[in-house]
Amino acid sequence: QVQLVEFGGGLVQPGGSLRLSCAASGSIFRVNAMAWYRQAPGKQREWVARITRGSTTNYADSVKGRFTISRDNAKNTVYLQMNSLKPEDTAVYYCNADVVNNNYNEYNYWGQGTQVAVSS
């Protein structure tokens, strides 16, 4: 079994910053690509950012230049540094990862989500 647990959500004023983290644990041989998604109230879940094991990154246009995704392979952890936050960034943020388990099978996993609220 593999678990993804997110940390770091909260309430922040517009223009502020938050840093999310997500740690993978369990029967892990290797963690491949990791990503962040978000889901705002009444909207579908949308992709935010992705990072490969080799740290190649991609971002949604809505967050480019404001958010930075990074990872620590030794800790099986991915981070999302969010700067210049806007009210429209308010959402539940979910971690996603492609994990190769100790049987050398790759599966895709989701975290439970962490709430980010941007409001004055």
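Reader: Which residue takes a positive phi in the hairpin of β4 and β5?
Author: Gly-42 does, with a phi near 75°, in a hairpin that has six residues between the strands. Please note that this is a predicted model, in which local features need pLDDT of at least 70, side-chain atom pairs count only at pLDDT 80 or more, and totals for chains, interfaces and linings use all residues. Residues are numbered from 1 along each chain as its sequence is written, and side-chain values use heavy atoms, with hydrogens and water left out.

Reader: What counts as a strand here, and when do two of them pair?
Author: A strand is a DSSP run of E with at least two residues, numbered from the N terminus. Two strands pair if DSSP finds at least two bridges between them.

Reader: How many bridges join β4 and β5?
Author: Five, in the antiparallel sense. One of the residues in this pairing is Ala-35, whose bridge partner in β5 is Arg-50. Strand β4 also runs antiparallel to β9, with nine bridges between them, and there Arg-30 stands opposite Val-100.

Reader: Turning to the open sheet, what is the order of its strands?
Author: The order of the four strands is β1-β3-β8-β7, with antiparallel pairing. Strands β1 (2-7) and β7 (67-72) each have a single partner strand and stand at the edges, so one side of each has no neighbour in the sheet.

Reader: Where is the disulfide?
Author: Cys-22 and Cys-95 form it, with their sulfur atoms 2.1 Å apart; the rule asks for a pair of cysteine sulfur atoms within 2.5 Å. By this rule the count is one disulfide. It links distant parts of the chain, since Cys-22 lies in β3 and Cys-95 in β9, 73 residues apart. The torsion about the S-S bond is about -80°, so the disulfide is left-handed.

Reader: Are these two cysteines buried or exposed?
Author: Both Cys-22 and Cys-95 are buried. Buried means under 20% relative accessible area, exposed over 50%, and partly exposed in between, with a 1.4 Å probe and protein chains only.

Reader: Which residues touch the most other members of the largest nonpolar core?
Author: They are Trp-36, Leu-80, Met-82 and Tyr-93, in a core of 32 residues. Such a core is a set of buried Ala, Val, Leu, Ile, Met, Phe, Trp, Tyr and Cys residues joined through side-chain atoms within 4.5 Å. Its largest share, five residues, comes from β9.

Reader: What does Tyr-93 touch?
Author: Not counting residues up to four places away in sequence, its contacts include Leu-20, Trp-36, Val-48, Phe-67 and Leu-80; contact means heavy atoms within 4.5 Å.

Reader: Finally, how many aromatic pairs are there?
Author: There are two, by the rule used: rings of Phe, Tyr and Trp (its six-membered ring) pair if their centres lie within 6.5 Å, and planes under 30 degrees apart count as stacked, over 60 as edge-to-face and the rest as tilted. Phe-29 and Tyr-104 have ring centres 4.9 Å apart and planes at 80°, so this pair is edge-to-face. Phe-29 is partly exposed at 44% relative accessibility, whereas Tyr-104 is exposed at 59%.
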